[in-house]
Amino acid sequence: VCSMGNSTSRLYSALAKTLSSSAVSQHQDCLEQPDSARLDPIDPKDLLEECQIVLQKRPPRFQRDFVDLKKNAVSNHRPIRVMQWNILAQALGEGKDNFIQCPMEALKWEERKCLILEEILAYKPDILCLQEVDHYFDTFEPLLSRLGYQCTFFPKPWSPCLDVEQNNGPDGCALFFLKDRFELINSANIRLTAMKLKTNQVAIAQTLKCNETGRLFCIAVTHLKARTGWERFRSAQGCDLLQNLKNITQGAKIPLIICGDFNAEPTEEVYREFSNSSLNLNSAYKLLSPDGQSEPPYTTWKIRPSGECRHTLDYIWYSQHALNVNSALGLLTEEQIGPNRLPSFNYPSDHLSLVCDFSFSQDPDRLL
């Protein structure tokens with residue numbers, strides 16, 4: 001262990017406690033929220049420094065730049081930064097996903113956890129939406145609550161992580177928002193249905209009030225069923241989620257942002273359902289394309305025994321009548337990703353993080 005001086009030793013001690021999964025070897029009720037209010041706040045700069053010390057033998061983090069999309073729109077409030085990311089469940093990365101070009105050393109939780117935190121701390125999201133979270137109680141909730149976030153977790157009922165030896169509990173969706181920027185008005189944990197049957201996929205939807213503007217909006221996070229051959233199933237899950245969100249937003253009277261790993265290319269029916277929904281949604285990352293109509297060429301890129309997989313599966317949908325996308329974080333280039341693809345010593349997940357800055361429209365009723 002490196003010597004870090006008195007100023008950071010207390011913080012490192014707190015961080016080090018989250019490096020071991022033994023702290024939650026007894027799997028607690030996954031809907032129970034631990035009491036972290038008694039823990040001291042953490043300065044994000046200090047935590048970032050601690051992560052960088054742990055990662056000092058790894059390559060530096062990739063440089064990604066924000067693309068300005070404002071188009072001369074004027075906003076009278078600070079933008080709301082939203083981050084969407086499937087972070088790769090630790091149990092799946094080590095036990096089931098079989099990334100044949102990724103050394104097992106690169107997947108060690110002690111360091112990969114710090115790569116994930118470094119990415120989050122670098123972009124400073126006001127709202128963070130994560131999928132495949134299986135270290136919520138021992139890592140993300142304790143640390144992010146001390147950074148000022150309110151934290152919510154909803155696990156999959158039958159998480160595949162539980163089939164892996166020495167797992168850390170089920171994976172699920174997690175939603176975090178900064179308490180000094182937003183007030184929680186309503187929260188719903190949604191178990192998605194398909195053909196009237198409850199499924200293994202979930203969503204969280206929360207109605208927040210922006211403290212600066214007093215405006216309400218709904219933020220949702222989800223992770224739909226994976227694999228080829230399940231397209232109709234995903235479509236049914238998407239319809240169920242849309243119906244739930246119509247009820248929550250009173251038919252789009254409340255603006256909406258939906259983050260998720262949809263496990264669906266833009267050619268799938270579930271994508272068309274969201275595009276054509278009465279909620280008047282648009283996909284934020286389309287705005288990075290020259291015509292504003294095309295999704296990125298990939299949001300995940302990996303190599304498994306079956307071959308190389310490059311797909312666009314992750315999205316940030318938003319109410320285009322009520323919200324503007326001020327900027328979006330550019331994706332990693334093929335050169336940055338490298339021939340062995342993801343995950344890697346450079347990057348902790350097989351999915352890229354998506355980050356957008358939103359502002360409220362001045363005339364939200366104009367396009368309804």
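## About the model

Because the model is predicted, local features need a pLDDT of at least 70 and side-chain atom pairs count only at pLDDT 80 or more, while totals for chains, interfaces and linings use all residues. Residues are numbered from 1 along each chain as its sequence is written, and side-chain values use heavy atoms, with hydrogens and water left out.

## Two enclosed helices

Helices and strands are named here from DSSP runs, numbered from the N terminus, with a helix being H or I over at least four residues and a strand being E over at least two. A residue is called buried when its relative accessible area is under 20%, exposed when it is over 50%, and partly exposed in between, using a 1.4 Å probe and protein chains only.

Helix α5 covers residues 136-146, and because 11 of its 11 residues are buried, it is largely enclosed by the rest of the structure. Among these buried residues are Tyr 136, Phe 137 and Leu 143, and also Asp 138, Glu 141 and Arg 146. Following α5 comes Gly 148, with a positive phi near 105°.

Helix α4 is also largely enclosed by the rest of the structure, because 13 of its 15 residues are buried. The expected span of a helix is 1.5 Å times one less than its number of residues, so the 15 residues of α4 should span 21 Å, and this agrees with its end C-alpha atoms, which are 21 Å apart.

## A pair of strands and their loop

Strand β4 (residues 149-155) is mostly covered, since six of its seven residues are buried. Two strands count as paired if DSSP finds at least two bridges between them; β4 is joined by seven bridges to strand β5 (residues 172-178), and the two run antiparallel. In one of these pairings, Tyr 149 has Leu 178 of β5 as its bridge partner.

The loop between β4 and β5 contains Asp 163, which counts as exposed at 59% relative accessibility. Although Asp 163 and Ala 91 are 72 residues apart in sequence, their C-alpha atoms are 8.9 Å apart in space.

Most residues other than glycine have a negative phi, and most peptide bonds are trans. Lys 124, which is not a glycine, has a positive phi of about 50°, and this residue comes just after α4, in the loop between α4 (109-123) and β3 (127-133). Lys 124 is exposed, with a relative accessible area of 60%.

Arg 227 is another residue other than glycine with a positive phi, in this case near 90°. Arg 227 is placed in the loop between β8 (216-223) and α6, and is exposed with a relative accessible area of 56%. Elsewhere, a cis peptide bond with omega of about -5° joins Leu 342 and Pro 343, and Pro 343 lies in the loop between α8 (334-337) and β15 (354-360).

## Pocket and cavities

Spaces are found on a 1 Å grid over the protein atoms alone: a cavity is a set of points where a 1.4 Å probe fits but cannot get out, a pocket is an open set with protein on both sides within 12 Å along at least five of seven lines, and lining residues have an atom within 4 Å of a point. Grid points are joined across faces, edges and corners, and a volume is the space filled by probe spheres set on the points.

The largest pocket holds about 810 Å³ of space. Its lining has 33 residues, and Lys 225, Ala 226, Arg 227, Asn 263 and Arg 304 lie nearest the centre. At least two lining residues come from each of β7 (197-210), α6 (231-248), β11 (300-304) and β12 (307-311). For sorting by class, Ala, Val, Leu, Ile, Met, Phe, Trp, Tyr, Cys and Pro count as nonpolar, Asp, Glu, Lys and Arg as charged, and the others, Gly among them, as polar; the pocket lining then has nine nonpolar, 10 polar and 14 charged residues.

The structure also holds two cavities of 30 Å³ or more, and the second largest cavity has a volume of about 30 Å³. Residues lining this second largest cavity include Arg 61, Phe 62, Glu 119 and Tyr 347.

## Cysteines

A disulfide is a pair of cysteine sulfur atoms within 2.5 Å, and a search of the whole structure finds zero of them. Cys 114 is in no disulfide, as the nearest cysteine sulfur, that of Cys 51, is 4.2 Å away. Cys 114 counts as buried at 0% relative accessibility, whereas Cys 239 counts as partly exposed at 38%.
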